[in-house]
Amino acid sequence: MSAPSEEPSVRRALYPGSFDFLTNGHMDIVRRSASLFDELIVAVAHNSAKEGFFTPDERVEILKQSTANLSNVIIHKLPGLTVEYAMKTKSRFIIRGLRAVSDFEFELQIANMNHRLNSKVETIFLAADPENIFLSSRVVKDVWRNGGDITRFVPEPCLKALESKHKDLAN
Ligand code: ADP
């Protein structure tokens, strides 16, 4: 796991999420955030309320491969509270993507709570590209589980990881 650089002038942002599966919607937010900040840490959360398909380590690996061409993006596992990890890694910004009104209420609650916990960390919302507005990990997972073609919805390393995990599970 690479350590973030120490210069105080570096504008660093943290993009936390489950990323299970990683979709092209996530990738769009990663690319756009990477162009807005000096450094972007994508942090893989282990959410006990959501059943994971890939382990956090597998998600880290998929993200690493999918962002290999983005030199200012690093991938971490999120060890606990997002806002604490933001402080620890000297990230002043938390990035979240907004697709629809349905995302808004939950995201606003989390952003407000994070602001109460630490007002030095700002949450920035990026609007989903209209092309990806219908993409969610859960829906893509459902399509895949039912044999649908998800090639257009996820990056190549996610497809490859799915193929090999599927083979392992079948054996
Ligand atoms: P979490 O469990 O933290 O919601 P997700 O992996 O589902 O993790 O989502 C991480 C972030 O990415 C959230 O801010 C979510 O709104 C955003 N996101 C998910 N899918 C898309 C998409 N298709 N376009 C833009 N943002 C998205």
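Let's start with pairing: two strands count as paired if DSSP finds at least two bridges between them. Helices (H or I, at least four residues) and strands (E, at least two) are DSSP runs numbered from the N terminus. What you see is a predicted model, in which local features need pLDDT of at least 70, side-chain atom pairs count only at pLDDT 80 or more, and totals for chains, interfaces and linings use all residues. Residues are numbered from 1 along each chain as its sequence is written, and side-chain values use heavy atoms, leaving out hydrogens and water.

Now for the sheet. It's open, built from five strands in the order β3-β2-β1-β4-β5, with parallel pairing. At the edges sit β3 (73-77) and β5 (122-127), each pairing on one side only. Look at β1 (residues 12-17) and β2 (residues 39-44): six bridges join them in the parallel sense. One example is Arg12, whose bridge partner in β2 is Glu39.

Next, the helices against the sheet. Helix α1 (residues 24-36) lies across β1, β2, β3, β4 (93-98) and β5, and runs at about 120 degrees to β5. Angles here run from 0 to 180 degrees between N-to-C directions, with axes fitted to C-alpha atoms, for helices over the stretch in contact (heavy atoms within 4.5 Å).

Just after α5, Gly147 has a positive phi of about 85 degrees.
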